[in-house]
Amino acid sequence: MSLDEYAESWIESGSGGGEPAAGEELLARVRERSEAFERRIRRRDLRESAAAVFVVVVFGYETITAGSWLSRMGAALVMTGALYVMWRLRRARPDEDPAAAGRPVADRLRIRLRQVEEQVRLHETVLWWYLAPLGVGSVMFVVGLGSGLWATLTTLAVIAVLSEYVRRANGRLVRSDLRPRRERLARLLRELEEA
Amino acid sequence: MSDLEDRYLRLVAENRGRMRRLSRVYAGDAEAARDLYQEMLLQVWRSLPSFEGRSEPGTWLYRVALNTALQRRRRRDRRRDATLDPDDPLRDRAFAGPEERLEEVRRTERLYEAIDRLGEGERALALLYLEEKSYAEISEILGITENHVGVKLHRIKKKLSDLVKEDDR
């Protein structure tokens, strides 16, 4: 039997069968899901903005009023570091523009591949752009307060443990999720583009 | 009903079969296929206001549906009793009666299984061929040249044909 004969049955499959919802009911469902999706995005953006405002208010205040120049510099470093982290995370976020879904498949794959590569880079270098400025800034802030050796050592220990935990978690995410995703996208693109 | 809603319902009604077949191919099991189909409906709804009419509505919808399908990761275990699912594209015909219809359903099942053994990108081309899309339309949906479509399709048809024959034996 030839492929064309098989193909004849293909179009027929899926032409029958009941639609779970149609007309007004389908519209109501799809509108509801769309609104829920938009609400989720708005809530996330609101949370991020609130975190940015919190960081600016608290560490901005300390930047101006802290007792020593070391604490003031530490607070400024934490504040700018946190804002930089937020900016980089937002920039690396997958494209949420609804129009993007209507682009040709190869274009969309290329864009998504670039985004995943950027995410891999971000996660692999998390120590430098995320942990280092916040960690160094926090230590400077605490040392500048003149809280004594034990307070400084405790801060250092907490920051070291937290940093290692974050670094490992990021490494796991890259290995288990991002690299496989990158390879899948690259393979897909190759399958489409290679003659 | 607004013009947008009206256009949406018309588009979905005209392309329902295509989206369901696409969902079935790209999802790992019947439940995932249902979720994927719902996801496609949502994406089409969200993207429709930005559709500028530069391509045929059916071509545009297929792009949205295929992009949505390729964005999701496939579940590993494929359920074999997919036709028992009420939303499975083959289900109604599987229970339709006469022996010929059953044979047709088996044939389509074999085709689905053969498609399942292709790579993800090849699967997209195979589907577009089976949906009787022209080279120009395939090129527009996938974003590759018509020449390229021709070369690749020739190879994929041969591969698919071999896989189907293999299953026949």
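This is a predicted model: local features need pLDDT of at least 70, side-chain atom pairs count only at pLDDT 80 or more; totals for chains, interfaces and linings use all residues.
Student: What share of the residues in chain A is buried?
Tutor: Chain A is built from six helices and zero strands, running α-α-α-α-α-α from the N terminus on. Take contacts in chain A between residues at least 6 apart in sequence: 74% of them join residues at least 24 apart. Of the 195 residues in chain A, the buried share is 23%.

Student: Which helix of chain B gives the largest share of the side that touches chain A?
Tutor: The contact takes 35 residues from chain A and 51 residues from chain B. On the chain B side, at least two residues each come from helix 1 (3–26), helix 2 (30–47), helix 3 (57–71), helix 4 (91–94), helix 5 (99–116), helix 6 (120–130), helix 7 (135–142) and helix 8 (146–168). The largest share, eight residues, belongs to helix 8 of chain B.

Student: How many residues on the side of chain B that touches chain A are nonpolar?
Tutor: Chain B puts 51 residues into the contact. By class, that side has 18 charged residues and twelve polar ones, and the nonpolar residues number 21.

Student: Are helix 2 of chain A and helix 2 of chain B roughly parallel or roughly perpendicular?
Tutor: The axes of helix 2 (residues 23–65) of chain A and helix 2 of chain B come within 9 Å and cross at roughly 75°. Angles from 65 to 115 degrees get one label, so helix 2 of chain A and helix 2 of chain B are roughly perpendicular.

Student: Which residues of helix 2 of chain B make that contact with helix 2 of chain A?
Tutor: On the chain A side, the contact uses A:Val30, A:Arg33 and A:Ser34 of helix 2. By class, the contact of the two helices has four nonpolar, one polar and two charged residues. From helix 2 of chain B come B:Leu41, B:Leu42, B:Trp45 and B:Arg46.

Student: Is B:Leu41 buried or exposed?
Tutor: B:Leu41 sits in helix 2 of chain B. Leaving out residues up to four places away in sequence, B:Leu41 touches A:Val30 and B:Val12. With 23 C-beta neighbours inside 10 Å, and a cut-off of 20 or more, B:Leu41 is therefore buried.

Student: How far apart in space are B:Leu41 and B:Ala124?
Tutor: B:Ala124 is one of the buried residues in helix 6 of chain B. In sequence, B:Leu41 and B:Ala124 are 83 residues apart. C-alpha to C-alpha, the distance in space is 19 Å.

Student: How many of the eleven residues of helix 6 of chain B are buried?
Tutor: Including B:Gly121, B:Glu122 and B:Arg123, the buried set in helix 6 of chain B goes on to B:Tyr129 and B:Leu130. Helix 6 of chain B is largely enclosed by the rest of the structure, because the buried count out of eleven is ten.

Student: What phi does B:Glu132 take?
Tutor: Most residues other than glycine have a negative phi. B:Glu132 lies in the loop between helix 6 and helix 7 of chain B and is exposed, with 10 other C-beta atoms within 10 Å. Although B:Glu132 is not a glycine, its phi is positive, at about 60°.

Student: Is the crossing of helix 1 and helix 3 of chain B left-handed or right-handed?
Tutor: The axes of helix 1 of chain B and helix 3 of chain B come within 10 Å and cross at roughly 30°, so the two helices are roughly parallel to each other. Among the residues that meet are B:Leu11 and B:Tyr26 in helix 1 of chain B, and B:Pro57 and B:Ala69 in helix 3 of chain B. The residues of this contact divide into ten nonpolar, three polar and two charged. The crossing of helix 1 of chain B and helix 3 of chain B is right-handed.

Note on methods: Residues are numbered from 1 along each chain as its sequence is written. Chains are lettered from A and ligands numbered from 1 in the order in which they are written. Two residues are in contact if their C-beta atoms, placed from the backbone, lie within 7 Å. Helices (H or I, at least four residues) and strands (E, at least two) are DSSP runs, numbered from the N terminus. Ala, Val, Leu, Ile, Met, Phe, Trp, Tyr, Cys and Pro count as nonpolar, Asp, Glu, Lys and Arg as charged, and the others, Gly among them, as polar. Axes are lines fitted to C-alpha atoms, for helices over the stretch in contact, and angles run from 0 to 180 degrees between N-to-C directions. Angles under 35 degrees count as roughly parallel, over 145 as roughly antiparallel, 65 to 115 as roughly perpendicular and the rest as oblique. A crossing is left-handed if the near helix is turned anticlockwise from the far one by less than a right angle, and right-handed if clockwise. A residue is buried if 20 or more other C-beta atoms lie within 10 Å of its own, exposed if 12 or fewer, and partly exposed in between; C-beta atoms are placed from the backbone.
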